[in-house]
Amino acid sequence: MNNWEEEIFNYFNSPITNAYTESLNRLIKTMNHVGRGYSFEALGQKFYLHKDIVK
C-alpha cells in the first residue's frame with residue numbers, strides 16, 4: 001500500500017477515472033476482432049472522429 005498510496009488517494013481528491021476511454025478502447029478492439037481486419041488505429045480514428053456513433 002505504501003508504494004501506491006498517492007495514486008490510491010488521489011481518486012478521493014479528484015474522482016475522475018478513465019473508464020470511458022477504456023470502454024471505448026475495448027469496444028474498438030472487439031470490433032477489430034469480429035470486423036474486417038481494420039487496424040486498431042483506423043478504428044480508433046473512426047470512433048473518435050465520429051462521436052455520434054458512441055453515445
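This is a predicted model: local features need pLDDT of at least 70, side-chain atom pairs count only at pLDDT 80 or more; totals for chains, interfaces and linings use all residues.

Biologist: Okay. How many helices and strands are in the protein chain?

Modeller: The protein chain has three helices and zero strands. Going along the sequence, the pattern reads α-α-α.

Biologist: And what share of the 55 residues is buried?

Modeller: Buried residues account for 13% of the 55. The protein chain exposes about 5,100 Å², and 56% of that comes from carbon and sulfur atoms.

Biologist: Let's take α2. What span should its 16 residues have, and what does the model give?

Modeller: Helix α2 covers residues 19-34, so at 1.5 Å a residue it should span 22 Å. Its end C-alpha atoms sit 23 Å apart, which agrees.

Biologist: Which residues of α2 are buried?

Modeller: Leu24, Asn25 and Ile28 are the buried ones in α2. Looking down the axis of α2, its buried residues fall within an arc of 100 degrees, so they line one face of the helix.

Biologist: Then what's exposed on the other side of α2?

Modeller: There you'll find Arg26, His33 and Val34, which are exposed.

Biologist: What covers the buried residues of α2?

Modeller: The cover includes α3, residues 40-49. From the α3 end, the buried residues of that helix pack against α2.

Biologist: So which residues are buried in α3?

Modeller: In α3 they are Leu43, Gly44 and Phe47. Seen down the axis of α3, the buried residues stay within an arc of 100 degrees, so they line one face of that helix. On the other side of α3, Glu41, Gln45 and Leu49 are exposed.

Biologist: I also spotted Lys46. Where does it lie?

Modeller: Lys46 is in helix α3. With a relative accessible area of 40%, Lys46 is partly exposed, because that label runs between 20% and 50%.

Biologist: How far is Lys46 from Ile28, in sequence and in space?

Modeller: Lys46 and Ile28 are 18 residues apart in sequence, and 9.6 Å apart in space, C-alpha to C-alpha.

Biologist: Switching topic to the surface: which residues form the nonpolar patch?

Modeller: That patch is made of Met1, Trp4, Ile8, Phe9, Tyr11 and Phe12. Together they have about 730 Å² of accessible area.

Biologist: Where does Met1 lie?

Modeller: Met1 is in the segment before α1, the helix at 5-13.

Biologist: And why does Met1 count as exposed?

Modeller: Its relative accessibility is 64%, and exposed means over 50%, so Met1 counts as exposed.

Biologist: Great, thanks for the tour!

Conventions
Residues are numbered from 1 along each chain as its sequence is written. Side-chain values use heavy atoms; hydrogens and water are left out. Helices (H or I, at least four residues) and strands (E, at least two) are DSSP runs, numbered from the N terminus. The expected span of a helix is 1.5 Å times one less than its number of residues. Buried means under 20% relative accessible area, exposed over 50%, partly exposed in between (1.4 Å probe, protein chains only). The arc is that of the directions from the helix axis to the C-beta atoms. Contact means heavy atoms within 4.5 Å. Patches are made of residues with over 30% relative accessible area and no salt bridge: like charges are joined within 9 Å, nonpolar side chains (Val, Leu, Ile, Met, Phe, Trp, Tyr) within 5 Å. Accessible areas come from the Shrake-Rupley method with a 1.4 Å probe; for residues, only the protein chains shown count as cover. A salt bridge is a side-chain nitrogen of Lys or Arg within 4 Å of a carboxyl oxygen of Asp or Glu.
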